[in-house]
Each structure stands twice: as structure tokens, then as C-alpha cells.
Amino acid sequence: MNEIRVRFAPSPTGYLHIGGARTALFNWLFARSQGGRLILRIEDTDRERLKADSAAQILTSLKWLGITWDEGPEIGGEYGPYCQSERLEIYQKEAQRLVAEGRAYYCFCTTERLNALHEEQQAGQLAFRYDGCCRTLDPAVAKERIAAGEAAVIRLKIPASGEIRVQDEIRGRVKFSLDQLDDLIIMKSNGIPAYNFACVVDDHLMRISHVIRAEEHLPNTPKQLLLYQALGYPEPVFAHLSMILAPDRSKLSKRHGATSVEEFRAQGFLAPAIVNYLTLLGWSPGGEAEILTMKQSVELFDLGKVAKKAAIYDTKKLAWINSQYMNALPLEEVAVAALPFLAAAGISAEQAKENWEKFVSIVSLLRSRAKTLVELAEGATYFFNAVTGYEEKGWRKHFTKENTASLLRESRQCLATVENFTEAETEIAYGQLAQKLGVKIGELIHPARLALTGRTASPGLFEVMALLGRKVCMERFDQAMAWIEQLPE
């Protein structure tokens with residue numbers, strides 16, 4: 001196989017997990033770095049676990065991340081169809097070929113018999129292995145029983161001893177003892193292929209040159225190599241990516257927070273930031289650089305530099321990377337990305353669109369302080385909506401001082417005289433007022449910030465004033481002074 005062809009083959013049993021996204025990304029990076037092609041295949045034969053919207057959501061997540069495929073759903077290609085449920089005849093044909101060649105056989109053992117065998121082996125403290133009961137059954141008799149309507153699975157004949165070696169591009173040579181395997185089922189009695197069989201047939205017929213997948217699939221590899229040998233297919237190159245573990249080095253799960261791409265998207269993370277973060281989970285370009293565009297990653301990507309040890313999931317690192325992108329991406333792009341998050345912050349997206357220049361200026365002011373789009377949207381609240389209350393720690397510290405109301409009154413009168421209500425002019429006016437009153441400028445700034453935003457922390461006060469405008473500032477000073485008057489002595 002001269003052409004580099006890799007595949008991402010998710011099962012649509014849920015949304016795209018962060019681990020699956022990393023696998024898709026590494027396949028994409030390898031394909032693009034080698035001038036190859038990425039094939040997307042939907043492995044949807046596990047009918048009991050399928051979720052109706054899962055396949056569509058996986059495609060949506062991949063597209064949002066910028067992970068494009070060259071063949072697969074919505075695109076088609078020379079080696080389709082690209083959903084396993086549409087390829088059942090292909091699997092059945094290849095399974096029948098193995099039976100005809102004597103490499104596989106029909107197994108009529110019932111669930112009851114297999115359960116009894118399992119219990120017997122457990123009692124003897126043995127690992128469960130099928131005992132080959134039907135392996136020596138006369139093929140002609142087996143065909144008669146099938147023709148009579150008797151249910152049967154098809155099993156692959158596996159040598160009882162020996163070993164099989166997997167040459168892995170990341171892990172080197174890995175050995176497996178054949179006495180740990182039994183005659184694996186390749187076709188179920190309902191005509192649905194087993195995972196390993198369908199996977200091998202598809203990878204061969206879709207001309208996959210490199211199988212790059214998660215470490216959890218490594219135990220499947222010896223079974224698949226046996227299938228390649230039985231079917232007479234050339235073997236692809238295998239590479240198994242390290243696991244992604246939680247900070248406590250346990251298996252990543254919901255209890256550690258968001259685990260799907262859609263959850264991270266809903267939390268206000270930007271697609272380029274997620275891709276950048278995933279790129280560094282188990283691979284390093286070398287050097288100090290941690291912010292990499294997809295183009296840079298493609299240029300630097302080397303499968304040989306993928307780490308063997310587990311990658312540690314770190315949302316703090318993701319948040320830091322996201323903050324870097326919040327500040328580096330074009331301002332209008334960040335503003336557009338923030339629109340869907342405004343509603344949860346009590347701001348209508350229409351408000352922002354109708355005051356677009358103002359909103360873009362607000363985003364410019366806030367994005368250096370926000371780690372996510374959610375934080376950015378929450379920070380914009382007081383620019384669009386009235387202040388309805390004040391942070392308790394703030395008003396107790398600043399509004400209970402004896403001279404606060406008079407300082408706010410002086411501030412109001414001062415701002416009323418500022419000719420050009422800009423950041424620079426309001427700052428100059430405040431500096432002059434502080435000198436006139438003989439107070440530190442902070443004594444004016446802190447209660448003013450609380451009055452204008454309801455918060456003790458915000459961007460620079462004078463930037464906030466300029467964006468709010470003179471009229472709103474005057475109204476909020478009046479409101480704060482009235483609120484202070486209502487405080488008990």
C-alpha cells in the first residue's frame with residue numbers, strides 16, 4: 001500500500017468523547033502530514049446501544065473542530081458505503097468464504113451450554129475459553145442444520161498454542177500468547193458481524209494503510225491479525241495511542257467533569273483551543289511552544305514522537321490555552337462566537353447585534369479577563385442590563401463608609417462636566433477630583449466601580465465608563481446613592 005489511508009471509525013452510541021476526538025485528530029494530522037486521506041466510517045452494528053442522534057452529532061462535532069474527512073458520510077467515496085449497517089452482505093460473503101475454505105465453522109452451542117461451560121471453568125479457576133465442541137462437526141451436517149433453520153454463529157479457527165506478534169509504531173513489538181484466545185465469533189446468529197471481523201473486512205476493502213487508534217484496542221489486535229491471515233489480506237501498520245487519564249490517574253469519567261466535545265463547546269471553549277489542547281495530549285512537537293495552529297501541527301507531526309505513557313487530562317491547561325485563543329483570534333470572530341452564550345447571561349443576542357460596534361468594543365475590553373465564552377458573556381451583563389444589586393462583600397466594604405455617598409455625588413458632578421466622555425478624559429477628570437478632595441484616587445474608583453457594575457472586579461473603570469456612556473453612569477450613581485441612603489445606621 002503506497003497511499004497513506006487512515007480511518008476514524010466511531011460507534012454512534014453517544015456524543016464524541018474527548019478521547020475519540022483526540023484519535024480522530026491524530027489520524028487527521030498523520031494523513032495531512034503525509035499527503036494521505038482520512039476515511040470516516042460509522043460502526044453502527046451494535047443495534048442495542050445505538051442512539052438516534054449520535055452519528056449526526058459526531059459529524060457535527062468533527063466539523064466544528066475542523067477535522068475534515070476525505071471519504072465517508074455526506075461525502076461518499078470509491079470504497080463505500082461508509083456505515084457498517086449498509087455493508088452486511090459484504091461481511092456475510094467473506095464469512096461464508098472462510099467456512100468454505102475450512103478456516104471457520106458453524107457453532108450451534110446454546111447460551112445454556114456456554115453458561116454451564118463458563119461456570120465449570122470458573123470453578124476450576126480457569127479463564128473462559130470455548131472448548132471447540134462444534135469445531136469438528138461435519139461441514140455437510142452443519143449446512144443441513146442451517147438449512148433447517150437452526151441458529152448458529154460462525155467461529156474462526158485459531159491455533160491452540162504459539163504466539164502472535166504485533167509490531168506497533170508507538171509501542172514497538174508486543175507479543176500475545178495464542179493459548180489466551182479461543183475460536184472467536186466472527187458472525188452472530190442474527191447475521192450481524194462481530195466487531196473484530198467487520199473491522200478487518202472494512203479496513204482491507206477501504207485500503208486502510210495505517211490503523212491509528214486508542215490503546216484500549218490493543219488486545220483486539222492479535223485477533224484481527226489472525227483474521228487478516230485467515231482472509232489472506234495484507235496487514236496494515238498499527239499504532240495505539242496512549243490512554244487519557246484523569247488527574248488522579250484513574251479512568252476518565254463524568255465525575256471528572258466534561259468528557260465530550262459538545263460539553264466543552266457548551267462551556268464556552270473555542271474549537272481551535274480544544275484542537276490545540278488535544279494535539280498536546282500524548283504528543284509534543286519539541287521545544288517550548290504550546291500554542292500551535294492546525295497548520296503548524298501538520299507540519300511538525302511525527303507519529304514516532306507520540307508518547308507511550310498515558311496523557312493526563314487537565315482542564316486548567318485547556319482553560320489557559322482557551323484564554324490565549326480568546327485574545328489571539330480576530331476580535332469579530334470572538335464576538336460572533338460569544339453570541340450563543342449571551343442568553344444565559346440575561347442578554348438578548350438581538351441586543352448585541354443591534355449595537356454591534358458597542359458589543360465588539362465590550363468583547364475587546366473583556367476577553368483578556370475571560371477564560372471562556374461563558375465568562376465573557378457573564379462579564380458583559382452590566383453593559384446591557386440595569387444593575388439590580390451589589391456584591392455583598394463590595395457594599396459592606398465600600399458603601400458603608402461615612403463619606404461614600406458624598407464621594408459618589410462629587411464623582412457624578414465631575415463626570416457631568418467632562419466635555420468628551422472618553423476613557424482618557426474621564427480618567428483625567430477623576431485624577432483632578434482626587435487632588436481637589438485630597439483623597440487617594442482609589443477611594444473614588446472602588447465605590448464608582450461598584451455603583452456602575454454591581455461588582456468589585458471589572459475591567460478598567462474609565463474604559464467601562466466610556467462604554468456605558470454619560471447618561472447611564474449618571475443614572476447608576478443616582479441609584480447607588482439612593483441605595484446607600486436606605487442602609488441602616
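The questions and answers below concern a predicted model.

Trainee: Which element gives the most to the lining of the largest pocket?
Mentor: About 1,200 Å³ of space lies in this pocket. Its lining has 41 residues, and those closest to the centre are His17, Gly19, Gly20, Glu216 and His217. Strand E1 (5-8), helix H1 (18-33) and strand E8 (210-214) each supply at least two lining residues. The greatest contribution, 4 residues, comes from H1.

Trainee: Which strand gives the most to the lining of the largest cavity?
Mentor: The model has 1 cavity of 30 Å³ or more, and the volume of the largest cavity is about 40 Å³. Phe8, Ala24, Leu38, Ile39, Leu40, Leu62, Ile67, Thr68 and Trp69 form its lining. With 3 residues, the leading contributor is strand E2 (residues 37-40).

Trainee: How do the residues of the lining of the largest cavity divide by class?
Mentor: Among the lining residues are Phe8, Leu62 and Thr68. The division for the lining of the largest cavity is 8 nonpolar, 1 polar and no charged.

Trainee: What is the class composition of the contact of H19 with H21?
Mentor: H19 passes H21 in a right-handed crossing. From H19 the contact takes Glu423, Thr426, Glu427 and Tyr430, and from H21 it takes Leu461, Phe462, Glu463, Met465 and Ala466. By class, the contact of H19 with H21 has 5 nonpolar, 1 polar and 3 charged residues.

Trainee: Is H6 parallel or oblique to H7?
Mentor: H6 and helix H7 (residues 221-231) pack at an angle of about 55°, and their axes are 9 Å apart. An angle must be under 35 degrees to count as roughly parallel, and the roughly perpendicular range begins at 65. The angle therefore makes the orientation of H6 to H7 oblique.

Trainee: Which residues of H7 make the contact with H6?
Mentor: The crossing of H6 past H7 is right-handed. On the H6 side the contact is made by Tyr195, Asn196, Phe197, Cys199, Val200, Val201 and Asp203. By class, the contact has 8 nonpolar, 2 polar and 2 charged residues. The H7 side consists of Lys223, Gln224, Leu227, Tyr228 and Leu231.

Trainee: Is the peptide bond from Gly80 to Pro81 cis or trans?
Mentor: Pro81 is found in the loop between helix H2 (54-65) and helix H3 (88-100). The bond that joins Gly80 to Pro81 has omega near 0°, and its form is cis.

Trainee: What is the value of phi of Arg207?
Mentor: Arg207 belongs to the loop between helix H6 (195-205) and E8. Its phi is positive in a residue other than glycine, with a value near 60°.

Notes:
Residues numbered from 1 in each chain as written. Predicted model: local features only at pLDDT ≥ 70, side-chain atom pairs only at ≥ 80, totals over all residues. Heavy atoms only, no water. 1 Å grid on protein atoms, 1.4 Å probe; cavity = no way out; pocket = protein on both sides within 12 Å on 5 of 7 lines; lining within 4 Å. Points joined across faces, edges and corners; volume = space filled by probe spheres on them. Left-handed = near helix turned anticlockwise from the far one by under 90°. Contact = heavy atoms within 4.5 Å. Nonpolar A, V, L, I, M, F, W, Y, C, P; charged D, E, K, R; others polar. Axes fitted to C-alpha atoms, helices over the stretch in contact; angles between N-to-C directions. Parallel < 35°, antiparallel > 145°, perpendicular 65-115°, else oblique.
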